[in-house]
Amino acid sequence: MVQAKNLTKTYSDRNVVDNISFDVKPGEVFGILGPNGAGKTTTLEMLEALRPIDGGSATIAGIDVAKDPYAIRAIIGVQPQSPSFQDKTKLTELLQLFAAAYGLTVDAKQHLASVQLEDKAGSYVEQLSGGQRQRFSIAAALVHEPKVFFLDEPTTGLDPQARRNLWELVRDIKKRGVTVVITTHYMEEAELLCDRIAVMDAGKIIALDSPKNLVRNLLKKGFKKEQHVEQANLEDVFIDLTGKALRD
Amino acid sequence: MKQFRSILIFALIDIKRSFRDKTALFFIFVFPLIFLFVFGGIFGGNNGPSFNVALLNQADNSFTKEFLKNAQKDDLIKINKDIKTESDAREKMKRGEIDAIIKLPGSFGEVTGGQPYPSGQAEVVVDQNSAQAGATLKSIFDAIFNQVNKEITKAPTPFTAKLTVSKEQGLNQFDYTFAGLLGFSILSLGIFGPTSVFPRMKQQGILRRYHTTTLRVWQFFTANVLSQMFVGVLSVALMFAVALTFFDLNMRGDYLTMLVVVLLGTATMFGVGLAVGGWAKNENQAAPLANLITFPMMFLSGTFFPRFLMPDWLQTISGLLPLTPIVDALRFVVTEGRNLFEIGPELGLTAIWLVVIYVIAFRVFRWD
């Protein structure tokens with residue numbers, strides 16, 4: 001579905017994305033992991049036709065990203081790292097704007113309901129909490145029913161409830177048959193959501209496999225972790241105490 | 001078709017947003033009115049403490065020289081020495097630059113008809129709008145002549161002053177100023193809004209988000225221009241309402257012609273704001289450039305200061321500014337009642353600027 005071939009981005013003689021290749025299969029959730037500055041966001045932005053590709057090529061659904069950026073934009077949805085929207089504009093109006101940007105008209109209320117924001121229809125974005133804003137941003141990114149959905153560190157800065165809720169949303173989106181490409185630096189998130197993971201460091205992909213295989217390969221090398229027999233961790237305690245219900 | 005519907009949706013929501021934004025509302029409606037009240041207060045009255053007149057003197061004798069010296073003594077009458085011909089004087093009077101024309105015929109002050117003393121008649125020419133000034137001027141002259149008459153002879157007055165009201169509709173100072181204020185309002189509305197809003201939207205990643213969609217730059221531009229034209233017309237309409245109510249504006253042109261000038265002017269000035277705001281990555285880049293472009297137009301295009309007061313070379317330079325034909329057109333419609341055909345040159349020049357400015361705006365636009 002998404003194909004990167006020798007993809008390269010150069011800033012002042014340094015390859016921030018260095019000759020990477022991967023192939024995202026239709027309907028899977030593909031994770032890109034890596035420390036800050038590894039080149040995750042730059043990779044996404046090249047695939048999204050937001051940044052010129054300096055070397056190699058990328059295709060989505062067979063369309064060359066560099067050659068036909070508008071055809072690409074029509075079939076992808078983009079969730080940026082910190083979504084923000086113009087102020088003093090109602091959520092329904094913002095969804096109308098995004099639909100109009102694709103030349104469509106939509107039932108804004110229905111799209112809000114799909115991210116549990118139907119009762120916020122008349123609110124402005126500045127009145128939403130961080131988690132609500134993330135959810136709204138997802139609704140905006142999916143307003144044109146894209147084939148591929150890109151999320152850039154969607155859960156950074158969210159509380160545990162909002163994070164879990166977002167995972168649920170991503171699973172729902174996957175069920176609808178949408179291919180998902182997600183970057184994160186939360187391992188738990190990657191393990192729970194992703195079918196396959198590319199680990200990036202210094203612009204290169206240093207591992208690419210399913211979470212299970214990656215762990216298995218590490219164990220094969222003789223890796224041993226200090227044994228813990230606890231059946232729960234602090235997050236389990238937190239969720240047990242505060243419940244799973246969303247707080248916004 | 002779909003693309004145009006999208007443009008309308010963007011424009012409509014942008015207009016709604018403007019009305020929810022107190023800062024925007026202030027700059028659209030209150031800011032121009034502040035200037036209107038300040039300048040209306042200064043130029044509202046037609047009667048200054050002194051009178052600017054043109055002197056058309058055909059007499060050349062010692063009496064006339066002495067008479068003119070006395071007439072200017074108490075600063076009530078200021079003679080504009082640049083005006084030499086009657087047509088020039090009438091033109092300037094029409095524009096409100098002078099209050100009256102004083103005509104002294106060649107025979108003025110000559111000793112004729114076997115009389116022992118000089119005689120003659122001074123003519124004070126004014127137009128309808130400064131009839132009051134004319135009446136005052138005439139009494140000033142009467143007083144001077146009475147003095148002279150008394151000195152020369154105790155006989156019935158050989159000198160008289162005659163008041164003539166010309167048929168040309170005059171222009172009062174406020175009407176002239178108002179047209180300039182309209183230009184200033186269109187300038188500030190078109191430039192200060194987008195040069196602060198677009199860089200801010202870029203820094204927050206709002207424009208970048210639209211860039212991930214299939215929205216085209218021209219659609220985004222068109223929507224913003226439509227919204228701006230709507231708001232601009234409302235702003236100008238409010239200025240007209242206030243000027244007509246509080247300052248006895250004498251609007252000579254028709255409002256449909258005015259609408260065309262305002263729409264074209266607003267679109268052109270907004271293009272300047274769009275070019276600067278669309279190019280700048282942040283407000284630090286936008287603000288100095290916006291000021292650099294705005295200030296010359298604000299002071300040289302005839303908004304606050306009439307261009308005819310400038311030296312010739314400066315008039316030539318200021319004629320090249322994009323706001324100048326807009327202000328000229330506004331002024332011709334308000335003060336002279338010219339129609340669309342008559343302001344064709346100004347509209348044509350503005351249209352050329354419109355094209356040039358938008359070509360630049362398209363070239364330099366950045367989504368982030």
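Which residue stands opposite A:Gln3 in strand 4 of chain A? Select A:Gln3 and look across to strand 4 of chain A, where the residue standing opposite is A:Thr59. Keep in mind throughout this tour that the model is a predicted one.

**The sheet of chain A**

**Where the chains touch**

Now show both chains together and select their contact, to which chain A gives 21 residues and chain B gives 20 residues. On the side of chain A that touches chain B, helix 2 (69-75) and helix 3 (91-101) of chain A each supply at least two residues, and the largest share, six residues, comes from helix 3 of chain A. If you colour this side of chain A by residue class, you will find 11 nonpolar, six polar and four charged residues.

**Parallel strands in chain B**

Move to chain B and select strand 1 (residues 51-57) with strand 2 (residues 77-80), a pair that runs in the parallel sense over four bridges. Within this pairing, B:Phe51 stands opposite B:Ile77 in strand 2 of chain B. Strand 1 of chain B also pairs with strand 3 (residues 100-104) of chain B, in the parallel sense and over five bridges, and here B:Ala54 has B:Ile101 as its bridge partner.

**Two helices of chain B**

For the last stop, select helix 8 (residues 217-246) and helix 9 (residues 255-279) of chain B, whose axes come within 9 Å and cross at roughly 130°. Because of that angle, helix 8 of chain B is oblique to helix 9 of chain B, and the crossing of the two is right-handed. To see the contact itself, display side chains on helix 8 of chain B, including B:Phe221, B:Met229 and B:Val236, and on helix 9 of chain B, including B:Leu259, B:Ala267 and B:Phe270. The residues of this contact between helix 8 and helix 9 of chain B divide into 11 nonpolar, four polar and no charged.

Terms used. Residues numbered from 1 in each chain as written. Chains lettered and ligands numbered in written order. Predicted model: local features only at pLDDT ≥ 70, side-chain atom pairs only at ≥ 80, totals over all residues. Axes fitted to C-alpha atoms, helices over the stretch in contact; angles between N-to-C directions. Parallel < 35°, antiparallel > 145°, perpendicular 65-115°, else oblique. Left-handed = near helix turned anticlockwise from the far one by under 90°. Contact = placed C-beta atoms within 7 Å. Nonpolar A, V, L, I, M, F, W, Y, C, P; charged D, E, K, R; others polar. Pairing = 2+ DSSP bridges.
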